[in-house]
Amino acid sequence: QVQLVESGGGLVQAGGSLRLSCAASGSILSINRMGWYRQAPGKERELVAEISSGGRANYADSVKGRFTISRDNAMNTVYLQMNSLKPEDTAVYYCFATKGYRYWGQGTQVTVSS
């Protein structure tokens with residue numbers, strides 16, 4: 001079992017920045033990919049960014065150039081630095097970790113006001 005705890009969400013004005021963190025605990029050995037999905041009201045959950053254990057990152061087109069994902073394997077933590085935020089980035093952001101099975105965090109709300 002892998003437990004994921006997210007932090008860093010909140011309310012920010014358009015153009016602002018937020019940094020999300022997700023700390024993994026439990027059976028953390030050999031966690032492969034970690035990353036973030038988001039789900040806005042009335043929409044499906046979508047991948048925002050993910051990063052492999054070796055540091056290879058993948059981003060949704062909508063966030064490329066604005067968001068940066070990073071990972072500290074020693075601290076078992078993944079980060080999402082979100083800059084130039086837009087109202088359409090408003091969503092609940094969910095951290096995930098993959099180790100055969102995909103584990104999920106509880107979600108953190110990000111609200112961007114116009």
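Analyst: The part to start with is an open sheet of four strands, paired in the antiparallel sense and ordered β1-β3-β8-β7. The edges are taken by β1 (2-7) and β7 (67-72); each has a single partner strand, so one side of each has no neighbour in the sheet. From one strand to the next, the twist averages 15°. This is a predicted model, and the values below are computed from it.

Strand β3 (residues 18-26) pairs with strand β8 (residues 77-82) in the antiparallel sense, over six bridges. Two of the residue pairs can be named. Leucine 20 has leucine 80 of β8 as its bridge partner, and arginine 19 has glutamine 81 of β8.

Strand β7 is also antiparallel to β8, and six bridges join β7 to β8. Here phenylalanine 67 has methionine 82 of β8 as its bridge partner. The two strands β7 and β8 form a hairpin, with four residues between them. In that turn, asparagine 76 has a positive phi of about 55°.

How buried is β8? Five of the six residues of β8 are buried, so the strand is largely enclosed by the rest of the structure. The term has a cut-off: a residue counts as buried when its relative accessible area is under 20%.

Aspartate 89 is placed in the loop between β8 and β9 (91-99). Its relative accessibility is 1%, so aspartate 89 counts as buried. The side chain of aspartate 89 makes a polar contact with the side chain of arginine 66, at 2.7 Å. Leaving aside residues up to four places away in sequence, aspartate 89 touches Arg38, Arg66, Phe67, Ser84, Val110 and Val112. Phe67 in that list is also the bridge partner of methionine 82 in β8.

The aromatic residues come next. A pair of aromatic rings is described by the distance of the centres and the angle of the planes. A search of the whole structure finds four aromatic pairs. One of them joins phenylalanine 96 and tryptophan 104; this pair is tilted, with 5.9 Å centre to centre and 55° between the planes. Phenylalanine 96 has 0% relative accessibility and therefore counts as buried, whereas tryptophan 104, with a relative accessible area of 35%, is partly exposed.

Another pair is made by tyrosine 101 and tyrosine 103, and this one is edge-to-face: 5.0 Å centre to centre, 75° between the planes. Tyrosine 101 is exposed, with a relative accessible area of 55%. Tyrosine 103 is buried, and its relative accessible area is 16%.

Phe96 and Trp104 also belong to one aromatic cluster, together with Tyr37. Arginine 45 is over the face of tryptophan 104, 4.7 Å from the ring centre. Arginine 102 is over the face of phenylalanine 96, 4.1 Å from the ring centre.

To return to the sheet: β8 pairs with β3 over six bridges and is joined to β7 by six bridges. The loop between β8 and β9 holds aspartate 89, whose side chain makes the polar contact with arginine 66.

Key: Residues numbered from 1 in each chain as written. Predicted model: local features only at pLDDT ≥ 70, side-chain atom pairs only at ≥ 80, totals over all residues. Heavy atoms only, no water. Pairing = 2+ DSSP bridges. Axes fitted to C-alpha atoms, helices over the stretch in contact; angles between N-to-C directions. Phe/Tyr/Trp six-rings, centres within 6.5 Å; stacked < 30°, edge-to-face > 60°. Buried < 20%, exposed > 50% of the residue type's maximum accessible area, 1.4 Å probe, protein only. Lys NZ or Arg CZ within 6 Å of the ring centre and 35° of its normal. Polar contact = N/O pair within 3.5 Å; in protein donor to acceptor, adjacent residues only side chain to side chain. Contact = heavy atoms within 4.5 Å.
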